[in-house]
2 protein chains.
Amino acid sequence: MRGELVIIGTELLLGEIVDTNAQFLARGLASCGINLYYKSTVGDNWVRIVETLSRALSRSDLVIISGGLGPTEDDLTRGAVAAVANRPLELDEEALEAIEAYFRRRYGEGQMPPNNRKQAYLPRGASAIPNHWGTAPGFILELPGKAIVALPGVPAELEPMFAQTVLPYCRQRFQGDVLVTKNLSFAGIGEAGLEELLKDIILSQTNPTVAPYASQGMVRIRLTARAATEEEGEALIAPVADMIAARTEPYLFSTTGQALEEVIGQQLTARGQSLALAESCTGGLVGHRITNVAGSSRYFLRGYVVYSNAAKVSDLGVQESTLAQYGAVSPQTAQEMAEGVRRAAGADFGLAITGIAGPDGGTPEKPVGLVYIALASPGDTIVEKHHFAGARGQVKERSAQAALTLLWKNLR
Amino acid sequence: MRGELVIIGTELLLGEIVDTNAQFLARGLASCGINLYYKSTVGDNWVRIVETLSRALSRSDLVIISGGLGPTEDDLTRGAVAAVANRPLELDEEALEAIEAYFRRRYGEGQMPPNNRKQAYLPRGASAIPNHWGTAPGFILELPGKAIVALPGVPAELEPMFAQTVLPYCRQRFQGDVLVTKNLSFAGIGEAGLEELLKDIILSQTNPTVAPYASQGMVRIRLTARAATEEEGEALIAPVADMIAARTEPYLFSTTGQALEEVIGQQLTARGQSLALAESCTGGLVGHRITNVAGSSRYFLRGYVVYSNAAKVSDLGVQESTLAQYGAVSPQTAQEMAEGVRRAAGADFGLAITGIAGPDGGTPEKPVGLVYIALASPGDTIVEKHHFAGARGQVKERSAQAALTLLWKNLR
């Protein structure tokens, strides 16, 4: 089974956006045992798209295309696949009805721009892939011994369409060895520290392979086993995962790929306890992460983004004398913020973050990246000091991750 | 001038990492007027690397390779370039000395593993690209009318090596036309709607080209001109940009690639006015975006994430009777939230969002995706009703974008 990705879009060749679809698709194909041999990126140019698709089709069994399904003149994928497969484009009535329904739902009757009609034309014999998240249907075109799958380039559309339609199709159509993956997720330890702890395991394992990687302030260990069935793969992974878990217990927060905020949600739900937030330098990011979890309204009561000193005093009851004596970025202020928000919201836990995100506002005593995090619990209040490197956005991300890590540890 | 990227590494085809080098290199090449026509990604496999490099060399003038320069058996780039260019690999004494010096500096005398010696072998005639950030030297190999550049795949090495050595080389070696790009950014209109407005311009323009694209809830028009100098390119773009701006004035928020929250920050700063936020379904995301802008503490006073009804009442002064009669997701509650947060914070503007992000909590009368946004200004309060499609994360993103759009429009 040879798989190949063709990513279409001039914006990618101009460097305007990072291609995250390629990684998403590569992982998905790996999960059903399809080897990816090539990935090609090509601009919105008829000749080069047709040339690239022809080559892909000549050397691979499954060609997955992302992009070029929009309603504009630049969107060439439908026509190029039709040309390469030597099939005419035909109106798919069901796909057209779905696009019309999408516009009806969002904008009312008769609001579909005429251009969008074009999106319902598919190569003859193709099956449309429903798109509940946007206008462009994808499609699967079966050819003798081969298949072409086309998906829109917008990740919010491509990802659920791939998961709901393409993945089950691939599993059924291209049966073979499966790759089974398990991710262990860690907080409060870096990639190098984790690798040091697990060096012997990483070097000695071949099936499953054991690979650490870092993404978005979080470190993961991925175990990947190749086997005839999912069950066999899981049986290969289980003892290695257990061995790693035993050694990394203080840092391991999920063995199922959950986000830290999801695990915190489960912890709070299980205890029947509630949370309130007081954010300064993170500006709402911790609240955003906490509320990304469906059902978070059951335990998250409220949050305060207290950018000004006046807000710290009036909303959270921070003492003016504390701000005057120690400053807004101090362990004393962090503690009063956490205790104040816990009291104001009537919550079991109050979590507070105050720091200097930069690029301005730093001093020799209080440099950019200095962040205090405080957690007020029923029993006591803990204050942590951090100094994060990086630009404004990274200081915000790292502060939020550290705050959630502190909460998670105390909820265990 | 045809440029092409060849990205080498099995980890990219397994989806283990996102390829950020491609974007970095694409931007760099665009800045010196080199058109990127193709980008190919291939695993650590001799046959496929040689095949891909041969094709790249046959169709492009400049081939830039990333990855495969490490010291292991998997690192095949040096040998593959030598094979494709028909040059033997030879020891580059200076490159060897640099690698030895790197290990001396980091680990002391005589600590270079024997494998790393391999990294100093380059195709005959190649010039080494110094690597002060790691062990692998890159190289430039000049061929008749063409050039191959090889860089290590680690971004922390590739990026400074490209900036210090490859970019100046490209500027000098491939003098010629430059590509000048201008992005116009729009809020409150979709990609198809914008194209409808500008169809004749998009179809009739060849230099600059005019292309709409959508990313992260925002629509952009990209103008790209080819010219002998930057000044000439800008002169070609200016009249077309003006023509588009005149037609799209109600939606155009930036002609310099700024984010919507940056433009809002400039508007508030220029007026000397301040902002406070009351977020329900966005959970802090609007505050996060507002505070991504350096210096936002000058105009952003505070935010409230009022997930519970109790918080809406106690922090914002929403009437219990309003919540009882109309519910938390209603135009009445949105209005009282906006006016309440404006009053509580003593701000010029109060912006409020209340809605149902899903997946639970919807009813036939108030379905998932129903969102009310209110803006309380010195003079009056505006309330908008929206119905957003998509999963929880998308409803949050779209609500935040709509709220910022409402604020921006009213600050113009």
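Student: Which residue in E7(B) stands opposite Ser127(B)?

Tutor: The model is predicted, so some conventions come first: local features need pLDDT of at least 70, side-chain atom pairs count only at pLDDT 80 or more, and totals for chains, interfaces and linings use all residues. Residues are numbered from 1 along each chain as its sequence is written, while chains are lettered from A and ligands numbered from 1 in the order in which they are written. Strands of a sheet pair through backbone hydrogen bonds, either parallel or antiparallel. Here two strands pair if DSSP finds at least two bridges between them; helices (H or I, at least four residues) and strands (E, at least two) are DSSP runs, numbered from the N terminus. In this structure the residue opposite Ser127(B) is Ile140(B). Their strands, E6(B) and E7(B) (residues 138-143), pair in the antiparallel sense over three bridges.

Student: In what order do the strands of the open sheet follow one another?

Tutor: Twelve strands form the open sheet, with mixed pairing, in the order E6(A)-E7(A)-E8(A)-E3(A)-E1(A)-E2(A)-E2(B)-E1(B)-E3(B)-E8(B)-E7(B)-E6(B). Its edges are E6 (127-129) of chain A and E6 (127-129) of chain B, each of which pairs on one side only. From one strand to the next the twist averages 15°; axes are lines fitted to C-alpha atoms, for helices over the stretch in contact, and angles run from 0 to 180 degrees between N-to-C directions.

Student: How many bridges join E2 of chain A to E2 of chain B?

Tutor: Five bridges join these strands, residues 35-42 in each chain, in the antiparallel sense. Within this pairing, Thr41(A) stands opposite Lys39(B).

Student: How many residues does each chain give to the contact?

Tutor: Two residues are in contact if their C-beta atoms, placed from the backbone, lie within 7 Å. The contact takes 67 residues from chain A and 67 residues from chain B. The side of chain A that touches chain B has 32 nonpolar, 22 polar and 13 charged residues. In this classification Ala, Val, Leu, Ile, Met, Phe, Trp, Tyr, Cys and Pro count as nonpolar, Asp, Glu, Lys and Arg as charged, and the others, Gly among them, as polar.

Student: Why is strand E13 of chain A described as largely enclosed?

Tutor: A residue is buried if 20 or more other C-beta atoms lie within 10 Å of its own, exposed if 12 or fewer, and partly exposed in between, with C-beta atoms placed from the backbone. Five of the five residues of E13(A) (residues 275-279) are buried, so the strand is largely enclosed by the rest of the structure. Leu275(A), Leu277(A) and Glu279(A) point one way, Ala276(A) and Ala278(A) the other.

Student: Which strands pair with E13(A) in the parallel sense?

Tutor: E14(A) (residues 300-306) runs parallel to E13(A) and is joined to E13(A) by five bridges; there, Tyr304(A) is the bridge partner of Ala278(A). E15(A) (residues 349-355) also pairs with E13(A) in the parallel sense, over five bridges, and Ala276(A) stands opposite Gly350(A).

Student: Is Phe388(B) buried or exposed?

Tutor: Phe388(B) is buried, with 22 other C-beta atoms within 10 Å. This residue lies in the loop between strand E17 (381-387) and helix H14 (392-411) of chain B. Not counting residues up to four places away in sequence, Phe388(B) touches Gly369(B), Val371(B), Gln394(B), Val395(B), Arg398(B) and Ser399(B). Between the C-alpha atoms of Phe388(B) and Ser399(B), eleven residues apart along the chain, the separation is 7.6 Å.
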